[in-house]
Amino acid sequence: MTPSESTTSLGISEAALPDPDRLITARYRDGAAAAGPWNEVLATIMSHRSVRAFLPTAPPPGTLERLVAAAQSASTSSNLQTWSVVAVEDAGRKARLAALGAGQKHIAQCPLYLVWLVDLARLHRVAEERQMTLQGLDYLEPFIVGVVDAALAAQNAAVALESMGLGFVYIGAMRNHPEEVAAELGLPPHVMALFGMCVGYPDPIVPTGIKPRLPQSAVLHHEQYSAAAQSAAFTDYDLRIRKFQREQAMTETDWTQQATNRVKTAASLHGRDRMCEALRNLGFALR
């Protein structure tokens, strides 16, 4: 390495990292500048793509424990740690979860399936062992804390696994049939499956591209929220998402149409319109 070359925090030459211009271009496709700090962590994050085809090779021993350690390194509100995760490797159980998850075949195919949970049962257990009553757990706020905690933990694990050369895709369809998923996983009251995560080595025969996101003008606000740039951003983004869909041999649909169709009616929620009822059935009072 020459004296003029810089290194990352891990001593890796920045020249060896993926080109930030290439990754920023892939993520936005709108001519956004790639100026700014750059390191191996940012390269891993910016390279993310959803993987739905996996090799049968299981991750090496210790990988799961490393992922959980990464997950537990995420921030957690008041250190309550109101989440858990169930690792599923049994083929029969994965197949049953796939059936409950809108028949998504990658759930059954992936070597490791992680189900991330909102877990208030642990605090209930702490209270019972101390002969206490925790009235605050019956309110909406602790449930929101559990959702946030679980999401932060899972995303930490996601970045960690991608840094190891693994791929993943989130599965929100674990919420289509909350009670049935809870029964399959043996969840106690006050615990629900928030989402799943298929994990494995990506199958190189089925390449996936980096899906473009909305431009920063649609999501980044300074000082106060402003809707001024939204409409123009929507129009441009529809064009970019259609180009991506053509490249990936996907059905072409405007993002604006796809997004609004997803929440247009109760039926479009695919069973999740009864979420309040399901949560009460799982022991959440949600006052």
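Tutor: Valine 148 is partly exposed, at 41% relative accessible area. Partly exposed sits between buried (under 20%) and exposed (over 50%), using a 1.4 Å probe and protein chains only. This is a predicted model: local features need pLDDT of at least 70, side-chain atom pairs count only at pLDDT 80 or more, and totals for chains, interfaces and linings use all residues. Residues are numbered from 1 along each chain as its sequence is written, and side-chain values use heavy atoms, without hydrogens or water.

Student: Which helix does valine 148 lie in?

Tutor: Helix α7, residues 140–163. Helices are DSSP runs (H or I, at least four residues), and strands are E runs of at least two, numbered from the N terminus.

Student: New topic. Is threonine 82 buried or exposed?

Tutor: Buried, with a relative accessible area of 1%. Threonine 82 lies in the loop between α3 (63–72) and β1 (83–88).

Student: What is threonine 82 in contact with?

Tutor: Leaving aside neighbours within four places in sequence, its contacts include Leu117, Leu120, Val145 and Asp149. Contact means heavy atoms within 4.5 Å.

Student: And which residues of helix α1 are buried?

Tutor: Pro20, Leu23, Ile24, Ala26, Arg27 and Tyr28, within residues 20–28. Their cover includes α2 (40–46), α9 (216–219) and α10 (230–247).

Student: What follows α1?

Tutor: Arginine 29, with a positive phi near 55°.
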